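Have a look at the model first.

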Amino acid sequence: MGDDPASRVYVNNKKKACAECGIYSEEYALPGETSQEELLRLIDTLNKKPEISGILVQLPVPKHIDEKTIINAIDPKKDVDAFHPVNVGKIMVGDYDFVPCTPAGVMELIKESGIDVAGKECVIVGRSNIVGKPQAMLLLHQNGTVTVCHSKTQNLKEHTRRADILVAAVGIPNFITGDMIKPGAVVIDVGINRLENKKLCGDVEFESAKEVASAITPVPGGVGPMTIAMLMKNTLKAAVING
Ligand code: NDP
């Protein structure tokens with residue numbers, strides 16, 4: 001909804017990925033002034049539409065729309081973003097079909113890099129519902145020892161320097177610097193920040209961090225593409241679940 005430039009890029013990338021995978025997709029680019037009732041009606045139609053297995057509402061939505069009401073309206077079996085409380089609860093108990101795409105992408109990167117999470121000190125900076133919190137659950141399910149830091153955390157550096165696996169999901173450019181990282185740590189940068197010069201940068205200061213880390217993800221090109229890949233995976237699962 002509306003004309004958020006970042007949302008436009010994300011939606012285009014998702015549509016492109018669907019086309020590449022052979023997944024049929026429909027886009028509803030609603031004007032910013034669309035009412036909540038109209039949006040709810042569209043979600044209801046898509047919930048009932050048999051040829052649609054997965055639905056996502058690209059966030060953020062305009063201020064007059066209640067994000068929670070919208071997320072709650074999506075059929076949990078079609079909730080490929082895994083933001084519906086039913087799916088959030090399933091992640092808590094470790095019995096889930098859909099995992100939020102960004103934390104799932106982070107887990108896939110860790111797995112494919114041959115890194116075993118069990119017993120590792122995992123520190124996440126950021127506690128949002130879409131990244132930090134589900135990331136904590138996924139790392140915990142893999143037997144990591146998890147610390148979640150946020151804006152009220154005292155002595156942040158003491159926490160980050162303990163991390164064998166450090167996940168940055170803060171939304172502040174270059175927030176994590178090399179001196180905040182334990183030598184040999186695995187550093188995963190979830191942040192996508194657009195600088196004044198229009199360049200993208202992460203939450204980790206790549207140049208200083210790469211000197212200390214044993215492995216590090218770049219921005220752009222690290223977690224971002226993985227997020228989309230995981231969305232495709234969730235959509236395929238949804239197609240199987242919904243028959
Ligand atoms: P939110 O703004 O929802 O959350 C940011 C978190 O960072 C909050 O928990 C906040 O703490 C914490 N924080 C803010 N300032 C500090 C500080 N000084 N010290 C410690 N913690 C701090 O962001 P999101 O989780 O939605 O996104 C984080 C980043 O990841 C953004 O750059 C976003 O663009 C990017 N992103 C990337 C995706 C991808 O596909 N790669 C997908 C989703 C997001 P508090 O809770 O106390 O306010």
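The chain carries 27 positive and 30 negative side chains, and the centres of the two sets sit 1 Å apart. Lys and Arg count as positive, Asp and Glu as negative, with His and the chain ends not counted; each charge is placed at NZ of Lys, CZ of Arg, CG of Asp or CD of Glu.

Bear in mind that this is a predicted model: local features need pLDDT of at least 70, side-chain atom pairs count only at pLDDT 80 or more, and totals for chains, interfaces and linings use all residues. Residues are numbered from 1 along each chain as its sequence is written, and side-chain values use heavy atoms, leaving out hydrogens and water.

As for the build, you get nine helices and seven strands (DSSP runs: H or I of at least four residues, E of at least two, numbered from the N terminus). Of the 243 residues, 42% are buried, meaning under 20% relative accessible area with a 1.4 Å probe, protein chains only.

Now zoom in on α6 (residues 132-141): seven of its 10 residues are buried, so the rest of the structure largely encloses this helix. Those buried residues are Gly132, Pro134, Gln135, Ala136, Met137, Leu138 and Leu139. Elements covering them (contact: heavy atoms within 4.5 Å) include these:

| Element | Residues |
|---|---|
| α4 | 85-93 |
| α5 | 101-112 |
| β1 | 121-125 |
| β2 | 145-149 |
| β3 | 165-168 |

Just past α6, Asn143 adopts a positive phi of about 70°.

Technical notes
Buried means under 20% relative accessible area, exposed over 50%, partly exposed in between (1.4 Å probe, protein chains only).
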